Amino acid sequence: MIITLDGAAIGSGLGAAVPALTLEVGPGIPSVLAVETAERPLLVSMLLGGRLRPDAGRVLADGTENLDDLRRRSALVDTPVVAEPAAGVTLATVVAEELSFAAQASSRKAVRQFLVTHGLAEFARVPVRAVPPVHRIRLFCELALLRGNVTALVLTSPERHGGEPTGWYEPLAAIAARGVTIAIVTDATTAGTLISLGAADALAPQVKEAA
């Protein structure tokens, strides 16, 4: 799926919570958006996922302005406030909840099998806050994709968990290569590192080819 922000903004003028953004993210390789201020990463993520209607401009999914469709086909991954598990719950609990949400078996056996498949059985009883970022980010993406309609992932401020971006970018690139759209909303420093690793800069000016 290709997600397009066409002059999408929240608020207006100098006090706009999100100044007008025009960009496009699609499948193949992860796209990065460098976003500053405390509240803006959440708001931009919600725009990309169709959870928030812009005050100006448009949000498109495959060229169509249909936020209901965008919501069904996208997932906010570990987004603060709206999609972040409580820090003290165990990873097994989070997996069980996500399996249930995806209408899949969520028994202890099913949870353990899922964690074994992804090489994370040792973290089953570990609080989510203690799961290494490289594993947390990869696993939460895989859990979101269990919902059969989801083809786009929006990750919000993954740098807040610590860890080196060089560690968790490779798994994201592998997921994107499966035809998944991945948008990473992060800070400028992390964005620079991810772009150097091969991520697309979603905010870079688009160069149009000559006719």
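Start at the second largest pocket, which holds about 150 Å³ of space. This is a predicted model, in which local features need pLDDT of at least 70 and side-chain atom pairs count only at pLDDT 80 or more, while totals for chains, interfaces and linings use all residues. Residues are numbered from 1 along each chain as its sequence is written, and side-chain values use heavy atoms, with hydrogens and water left out.

A pocket here is an open set of points on a 1 Å grid over the protein atoms alone, where a 1.4 Å probe fits, with protein on both sides within 12 Å along at least five of seven lines; lining residues have an atom within 4 Å of a point. Grid points are joined across faces, edges and corners, and a volume is the space filled by probe spheres set on the points.

Select Ala92, Thr93, Ala96, Ser106, Ser107, Arg108, Val111, Arg112, Leu115, Ala124 and Arg125 to show the lining of the second largest pocket. H3 and helix H4 (108-117) each give two or more of its residues, and H4 gives the most, four. Helices (H or I, at least four residues) and strands (E, at least two) are DSSP runs numbered from the N terminus.

Next, select Leu76, Asp78, Ala83, Glu98 and Arg147, which lie nearest the centre of the largest pocket among its 14 lining residues. Strand E5 (74-77), helix H3 (91-101) and helix H5 (133-144) each supply two or more residues to that lining. The volume of the largest pocket is about 270 Å³. H3 provides the largest share of its lining, four residues.

Now go to the largest nonpolar core, of 37 residues, and select Val95, Leu139, Leu153 and Ile182, which touch the most other members. Such a core is a set of buried Ala, Val, Leu, Ile, Met, Phe, Trp, Tyr and Cys residues joined through side-chain atoms within 4.5 Å. H5 gives the most to this core, with six residues. Around Val95, show Val111, Phe114, Leu115, Leu139 and Leu143, its contacts (heavy atoms within 4.5 Å) beyond four places in sequence. A second, separate core has 27 residues, including Leu23, Leu43, Leu70 and Ala152.

Finish at Ala16, in the loop between strand E1 (3-10) and strand E2 (18-25). Is Ala16 buried or exposed? Ala16 counts as buried because its relative accessible area is 9%, and buried means under 20% (exposed over 50%, partly exposed in between; 1.4 Å probe, protein chains only). Beyond four places in sequence, Ala16 contacts Ile10, Gly11 and Arg40.
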